[in-house]
Amino acid sequence: MASSSTASGSSQVSLDSVLGEITTTQDDVQLNNVLRNYATKETREMIYASFLAGGQDPLSVLDVQNNTLGYLYLLSARLTVTNAPIPPLQAIQTFCADFDPVKARLAPERVTLLAKGIVALYETAATLDQCLPLLLDLLTRFPPSRAHLTPLHAPFLRACVATRRFAAALPVLTAPVTEVAPALFPDLHYNDHLVYHYAGALALAALRRWAAAEEFLELVVGAPAQAPAAIQLEALKKLALVQLIVYGKVKDVPKYVSATLVSIFKKSPYGAFVNAYPLQTAQLERILEKEAGAFDSDKNLGLVRQAMERARRWAIKKLTETYITLSLAEIGDAVNLPDQEAVRAIVVSMIEDDEIVGSIDADGTVTFDDASLESSVSQAQVDALLAAAQHQGAVLAELDRKLGRSREFLSKSVKNRDNGDWSQVMDDDMYAKSQGEGWTEESLF
């Protein structure tokens, strides 16, 4: 049993005595209390980051599963204390793969500290991509379920995006987050929600998973706030571009989204781009030429160019809503493309991709038939989509109810907004350089 004198620091403190506590204390709650309060705050981490008196590495003495808490405290200290001996990579890998999740949940802040230490270690060595399996192990094994949002979600997604390993994030991104439990994760901050979903959207967009990227961006844009934050404006810009690519237009912004945020967006080059899309192709080209620097600075030039590539297709799609037949020359005039062979190539591609239903006669007359396209969707498919939407609606309703009960979680958003520096913190988090490079839009999109 741990003695109170050791915890208070009145007896001799050393890593050897800590190891004794770890290996002899049977009660994990009591052991966690001892380790959390051992010695004084100033010396605790230095002790945990040291070797035994005989020069032996304490990690080589402990068993990961039986001594999860002790191993966690020592390993996280070794990875975060300045000039501490770097632990063997095998020790880190073994812990992430084999630790006891129930025991680790007694010290959630140490798990977060461990994750940040792992990222820093591999980032310093310019091998950040190699730590992704370790972070994934922590993230999938630590929480009670995959549905729980944890402080590990944001660092993992940031690492995936920084290393362009977008597919590595899919096991996490495809598991919907429906549980927010500050009682289980006291160091879970409102920023974790925003950074995770924003970084997740970047990864999904890079993988051309547009619908999922749209959903993640909507969560960021619609996050409760007294005043809009920089990351929400960035999310709204990307959301608009994604919707232009997918739907040919932007959707109405929900009423609960900040009116200030929407106003800033409408007055930006993005607002002008949206207003001209997709029919005013000449105006779109002028906007792109004039505002390329702003789009590039926002890391959105790749998305803007993709939207431009889709503009003529969406313009032609709109023509099918009004006309039954048009010549290639007439279509070219409507979409500002005088080259009839280029118009023909676009129309043929759209027909082949089932974006429109139609045919081109020998004389260059295009006949549209949207009825055939609509009939290709069966009643069974409609029923399946409706059932999926109803299920997702029920999930979101339950999440909304839980968020409403979590006063602490919501109050953090208000408190952080009142601090004044929250937006800058988000920018620093999202756009910090990694391994000598930023998150350039060319590499993402």
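**Burial and overall make-up.** I looked up how much of the chain is buried: of the 445 residues of the protein chain, 47% count as buried. The model is a predicted one. I then listed the secondary structure and found 25 helices and three strands. Next I turned to the contacts between residues with a separation of 6 or more; 70% of these join residues 24 or more positions apart.

Which residues does I118 touch, leaving aside its neighbours within four places in sequence? I found L79, I92, C96, C131, L134, L135 and L138.

My search for cavities of 30 Å³ or more gave a count of one. The volume of the largest cavity is about 50 Å³. I wrote down its lining as L139, T140, P143, S145, R146, H148, H153, V172 and A175. Sorted by class, this lining has four nonpolar, four polar and one charged residues.

**T163.** I located T163 in the loop between α10 (153-162) and α11 (170-173). Is T163 buried or exposed? T163 counts as buried because its relative accessible area is 16%, which is under the 20% limit. I also noted that a polar atom of the T163 side chain lies 2.8 Å from the backbone oxygen of A159.

**Backbone exceptions.** I recalled that most residues other than glycine have a negative phi, and that most peptide bonds are trans.

- I found a cis peptide bond between Y277 and P278, with omega about -5°. P278 lies in the loop between α16 (269-276) and α17 (281-297).
- I found a positive phi, near 65°, at N83, a residue other than glycine. N83 is placed in the loop between α5 (68-80) and α6 (89-98). N83 counts as exposed because its relative accessibility is 77%, and the cut-off is over 50%.
- I found that R208 has a positive phi of about 60°, although R208 is not a glycine. R208 is in the loop between α12 and α13 (210-221). With a relative accessible area of 40%, R208 is partly exposed.

Key:
Residues numbered from 1 in each chain as written. Predicted model: local features only at pLDDT ≥ 70, side-chain atom pairs only at ≥ 80, totals over all residues. Heavy atoms only, no water. Helix = DSSP H or I, 4+ residues; strand = E, 2+ residues; numbered from the N terminus. Buried < 20%, exposed > 50% of the residue type's maximum accessible area, 1.4 Å probe, protein only. Polar contact = N/O pair within 3.5 Å; in protein donor to acceptor, adjacent residues only side chain to side chain. Contact = heavy atoms within 4.5 Å. 1 Å grid on protein atoms, 1.4 Å probe; cavity = no way out; pocket = protein on both sides within 12 Å on 5 of 7 lines; lining within 4 Å. Points joined across faces, edges and corners; volume = space filled by probe spheres on them. Nonpolar A, V, L, I, M, F, W, Y, C, P; charged D, E, K, R; others polar.
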